[in-house]
There are 2 protein chains.
Amino acid sequence: MKDILGGICAPVGFKASGVHCGIRKNKSKRDLALIVSDVKGSAAAVYTTNKVKGAPIAVTRKNIEDGFAQAVICNSGNANTCNEDGEVKAQMMCALTEKFAGVRAEDVIVASTGVIGQVLPIEPIENGMTQLVDALSSDGSSDAAEAIMTTDTVKKEYACEFTLGGKTCRLGAIAKGSGMIHPNMATLLCFLTTDAAISSEVLHTALYDVIQDTLNMVSIDGDTSTNDMVTVIANGKAGNAFIDKAEGGDYKQFYAALEYIMTKVSRAIAKDGEGATRLMECKVSGAKDKATAKIIAKSVICSSLLKAAIFAADANWGRILCAIGYADAQFDINKIDVNLASSKGIVAVCRNGNGVEFSEDEAKKILSEDEICIEVYCNEGNADAVAWGCDLTYDYVRINADYRT
Amino acid sequence: MKDILGGICAPVGFKASGVHCGIRKNKSKRDLALIVSDVKGSAAAVYTTNKVKGAPIAVTRKNIEDGFAQAVICNSGNANTCNEDGEVKAQMMCALTEKFAGVRAEDVIVASTGVIGQVLPIEPIENGMTQLVDALSSDGSSDAAEAIMTTDTVKKEYACEFTLGGKTCRLGAIAKGSGMIHPNMATLLCFLTTDAAISSEVLHTALYDVIQDTLNMVSIDGDTSTNDMVTVIANGKAGNAFIDKAEGGDYKQFYAALEYIMTKVSRAIAKDGEGATRLMECKVSGAKDKATAKIIAKSVICSSLLKAAIFAADANWGRILCAIGYADAQFDINKIDVNLASSKGIVAVCRNGNGVEFSEDEAKKILSEDEICIEVYCNEGNADAVAWGCDLTYDYVRINADYRT
């Protein structure tokens, strides 16, 4: 897998743009993004499991029911959720895309992110469409990535190159995360593009499966958002042999590329969690099965107490044991070993469920890095899992006490 | 139900004390508590469901297996959990209680609370026993309540009086809460005393059932502690007709008293959550069944995003809908109504799952009180439930980033 530049415009035949249209008051913050493929492509999406679903999700779901899409339009600053006229407004966004960009409204993926329960003003979007479409370019990925950001502090934009039957293919992604992040079968906003030729059914299978081990293993605050949506459009421009089965070498290679990019997205979202100062990774090994490993890893990265200790780079490993202990799975707590690790080294803090002596200074040095890892060994089998979270800081409280003001 | 003074010493035949023995460095903080009944009584207890269980839980469980207990000894400052010699140390505490207070070691309930994974020093306890036993008095409830506090800012001490078959009975409680609070079938530390005559089996049934609607409906931070323990000793000194069935008027009256006191304890623990500035109550009504009502209420009070908004007295009701939406139960989100209420008034913010216009100023005034209520109406049936939590503040982060230092 080779990292390349260009984000969602790295795959052949995709253009993107991002502008400030006025949904946000801050004129220096882009708030409207557009992604357009030269041709219609296979499409797949996975959505939030929250019962409260943003209106754009209903419209997108209908639009890609036939397995195809050609464009994505997304605003930030307003979630268009819990509004009586939500679906009407989401449809208007698709109609505007048809009118200004020439893509059929039924082939548009529409998304919104921001405050819940405030009526979405359509005028700024309508007024911004000319500028948005004029700005479409194969260099536009960064602007689009910027336009979908809310409290994110860094742009999330990735692309990689891989080969299918001798043909070079590309896969790109932009994403936003930061708060209300506890994906459950779907997550946040992430838009993927690829020039690989692949059927929408197979694309959906790959997307759904990859998400189980990537985005669904991230938690910032335990709150599953109403507007989570991950979509992918595959326009086939790479000219590879059409993938129409979720098996075989080409599928595996495509799956590996998708997993590679989604792992990057997941780590970036965790590291840029609201208020976060460091990425907290939990690697569970030696579990008797995958489900157990995942439940333990998720439990550790979700603990508010541990997250606060990690903010202070405090090796309060009892909180790790506590979080492992309330993980809803069957395993022997008396076989658990725990290490703390980072690029500065590794220290054993627990063996067989009991504490062992360690140097607090060394542990502090390890935990002071901006990416730290909690290694948990179950000593009961061969399954493993990784989950990603972040520390809990004063800034998380500040951001979320201030969010609407 | 009549509120009375005296806490755990309000029931006839109970004495208590609390001293500083030296487990904590701060000499002005009591760290060792003792409760003794003149005679052996029926005993019942409910413990944490965390797989990591404090060593004192194993010893207490064994000691009250026969249904009887006469004393409670508890230290703060050290949880005696995840230590190889944990059970030995807990047994030593019981042996010291026998040696100094004359209560058989096998009739002692032992508990510890504080940092996990640090070896419990027995010397300070041994050295403090004479002072602890000398201080035993029927005025000692407050000292004992103080001695079990960790990051709690207020003492939790309650008592009430009720009548069983013409005999006046009393029920008292002390408790500690504050952090690592997300009870699951058991919780934190709470020691109850009563002079009612009741069998240990019936006592256990009442305790277990009451906890489902009281302590198990509290969450401060989603972390289920390793040392949660609620115990009750009933010494029969009130002279009422012995209750040996979990039915009938006397049982119902006893149950009501227990529920009354445990509701007070639950509210107090939520309101004094680590760093909290206000109590956040969620009342769910009109659900199709009790389980659904409880799941929705719990989901609302556990949302970190909502907790941060409540800290800012910000009527960000979209976060309430979001938390209701990811509650793991079956109900129609489009029938949900939500009000915000406090002693300053009540304001409707959501009807049929959609936002309604309201005065932000009025909502701010309501949410600025130190006890606020989120009222959720499901409009699907007659079941209701209440859950208690608190806001998420800078101080929660400060306290938990500093806890071991």
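Helices (H or I, at least four residues) and strands (E, at least two) are DSSP runs, numbered from the N terminus. The structure is a predicted model, in which local features need pLDDT of at least 70, side-chain atom pairs count only at pLDDT 80 or more, and totals for chains, interfaces and linings use all residues. Residues are numbered from 1 along each chain as its sequence is written, while chains are lettered from A and ligands numbered from 1 in the order in which they are written.

Start at A:Leu136. This residue sits in the loop between helix H3 (123-134) and helix H4 (141-147) of chain A. A residue is buried if 20 or more other C-beta atoms lie within 10 Å of its own, exposed if 12 or fewer, and partly exposed in between; the C-beta atoms are placed from the backbone. A:Leu136 has 19 C-beta neighbours inside 10 Å, so it counts as partly exposed. Which residues does A:Leu136 touch, not counting those up to four places away in sequence? They are A:Lys15, A:Ala16, A:Ser17, A:Leu34 and A:Val36. Contact here requires C-beta atoms, placed from the backbone, within 7 Å of each other. A:Asn354 is 218 residues from A:Leu136 along the chain, and their C-alpha atoms are separated by 59 Å.

Now take chain A as a whole. It is divided into domain 1 (2-271) and domain 2 (279-402). These bounds come from an automatic or database domain assignment. The C-alpha centres of domain 1 and domain 2 of chain A lie 32 Å apart. Eleven residues from domain 1 of chain A and 14 residues from domain 2 of chain A make the contact. On the domain 1 side, the residues divide into four nonpolar, five polar and two charged. Ala, Val, Leu, Ile, Met, Phe, Trp, Tyr, Cys and Pro count as nonpolar, Asp, Glu, Lys and Arg as charged, and the others, Gly among them, as polar.

Backbone angles come next. Most residues other than glycine have a negative phi. A:Cys82 is not a glycine, yet its phi is positive, at about 65°. A:Cys82 lies in the loop between strand S4 (68-76) and helix H2 (86-101) of chain A. Is A:Cys82 buried or exposed? It counts as buried, because it has 25 C-beta neighbours inside 10 Å. In chain B, B:Asn80 has a positive phi of about 45°, although it is not a glycine. B:Asn80 is in the loop between strand S4 (68-76) and H2 of chain B. With 30 C-beta neighbours inside 10 Å, B:Asn80 counts as buried.

Stay in chain B for helix packing. Axes are lines fitted to C-alpha atoms, for helices over the stretch in contact, and angles run from 0 to 180 degrees between N-to-C directions. Angles under 35 degrees count as roughly parallel, over 145 as roughly antiparallel, 65 to 115 as roughly perpendicular and the rest as oblique. Helix H2 (residues 86-101) and helix H3 (residues 123-134) of chain B pack at about 40°, with axes 10 Å apart. H2(B) and H3(B) are therefore oblique to each other. From H2(B), B:Met93, B:Leu96, B:Phe100 and B:Ala101 meet B:Ile125, B:Glu126, B:Met129, B:Thr130 and B:Val133 of H3(B). By class, this contact has seven nonpolar, one polar and one charged residues.

Helix H8 (residues 304-311) and helix H9 (residues 318-325) of chain B pack at about 155°, with axes 9 Å apart. H8(B) and H9(B) are therefore roughly antiparallel.

Key: Two residues are in contact if their C-beta atoms, placed from the backbone, lie within 7 Å.
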